[in-house]
Amino acid sequence: MSLDRDDRKFARKRKHLVDHLRKKGIEDERVLAAIGDVPRHLFVEQAFQQRAYEDEALPIGLQQTISQPYTVAYQTTMLDIKKNDRVLEIGTGSGYQAAILYKMGARVFTIERHEALHKRAKHILQQLRYHVTHKHGDGTLGWATFAPYDKILVTAGAKGIPESILQQLREPDEKKPGGSLVIPVGEKEQIMYRVSRTGEDTYNYEKTTSFRFVPLIGDGKHQNLGF
Ligand code: SAM
C-alpha cells in the first residue's frame, strides 16, 4: 500500500463526499475541511477502497465497522473541537475518526479493545505521520493516565454512560468550561448524548437523534439512563 499515492480520482470522490455532507446539514467548515483532507480509502480494506467515499459504514474485520462519514461528521461537530483540545476516543476501529480529530488540531488519545484493529490503526496513522496516542484495552474504564480530557468521544453503542469516563472529563475553571462527552446510548438503536461537566459532581445531559452503532463491550460500571 502506497500511502503517498492519493490520486486525483480519490481527491475528486472526497470532494463529492464533502458536498454531500454539506447538503445533509453538516455546517462546521473545520469538520468538512478535515473530511476533505483525510484519505479515507487508506483506512478500509483494499476490496472496499472504491466505496470509501460513499456515505456508508464499511466492514473492517472482526465484525466491526468504520463509521458512516455522516456519523463521523455529526459526532465531531457535536464535540466542537478546539485547537490543542485533549480528546479521548473510545473505539479506535479503523483509526479514521482519530485522524479527523488530529487534523482538526486535537491531541488525540484512542483506545481499542481488539488488538488486531488497534495495531492496524496505529500502523496506518504512523505512516500518515498523524500523531495519535494508542492503547489496546477496555475504553469503558477510560484512560486515567492522560486525564482529564476536554472532550471524550465514544464511537460504539453504550448501554449506559460509563462512570469512569465521566470522572475523566475536565472540571470547569475560570479559564475554560468543563469537558464534554459525546456518546450514543441504547441497545438496538442509540440516541446521541452530549454530557458536559458543570462542576465537581454535576453534569448537563443533552440528547439529539438516533443512530446505529456496533456495541460498546466492557467492564466499566455505567449509569443507567432507563434503557
Ligand atoms: N471510530 C472508528 C473508526 O473511525 O473506524 C469506528 C468505530 S467502530 C463503529 C466501534 C469500535 O469500538 C470497534 O472497533 C470496537 O471493537 C470498539 N469497541 C467496542 N467496545 C470497546 C471498548 N470497551 N473499548 C474500546 N473499544 C471498544
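1. How many aromatic pairs does the count come to? With rings of Phe, Tyr and Trp (its six-membered ring) taken as paired if their centres lie within 6.5 Å, the count comes to eleven aromatic pairs. One of them joins tyrosine 70 and tyrosine 74, which are 6.0 Å apart centre to centre with 45 degrees between the planes, and this pair is tilted, given that planes under 30 degrees apart count as stacked, over 60 as edge-to-face and the rest as tilted. Both tyrosine 70 and tyrosine 74 belong to helix α3 (residues 69–79), where they are four residues apart, about one turn of the helix.

2. On the basis of these values, the model is predicted, so that local features need pLDDT of at least 70 and side-chain atom pairs count only at pLDDT 80 or more, while totals for chains, interfaces and linings use all residues. Residues are numbered from 1 along each chain as its sequence is written, and side-chain values use heavy atoms, with hydrogens and water left out.

3. The shell around the ligand holds 27 residues, of which Glu89, Ser94, Glu112, Gly139 and Ile217 come nearest; a residue is counted here if one of its heavy atoms lies within 4 Å of the ligand. By class the shell has nine nonpolar, 14 polar and four charged residues, with Gly placed among the polar ones. Helices (H or I, at least four residues) and strands (E, at least two) are DSSP runs numbered from the N terminus, and β2 (64–66), α4 (96–103) and β4 (107–112) each supply at least two shell residues, β2 giving the most with three.

4. Polar contacts, meaning pairs of N or O atoms within 3.5 Å, reach nitrogen atoms of the ligand from the side chain of glutamate 89 at 2.9 Å, from the backbone of glycine 91 at 2.9 Å and from the side chain of aspartate 138 at 3.0 Å. The protein covers 99% of the 600 Å² of accessible area that the ligand has on its own, as computed by the Shrake-Rupley method with a 1.4 Å probe.

5. Two backbone features deserve a look. Most residues other than glycine have a negative phi, and most peptide bonds are trans. Leucine 62, in the loop between β1 (58–61) and β2, has a positive phi near 55 degrees. The peptide bond from alanine 147 to proline 148 is cis, with omega near 5 degrees, and proline 148 is in the loop between β5 (132–136) and β6 (151–154).

Notes
A polar contact is a pair of N or O atoms within 3.5 Å; within protein, one must be able to donate a hydrogen and the other to accept it, and residues adjacent in sequence count only if both atoms are side-chain atoms.
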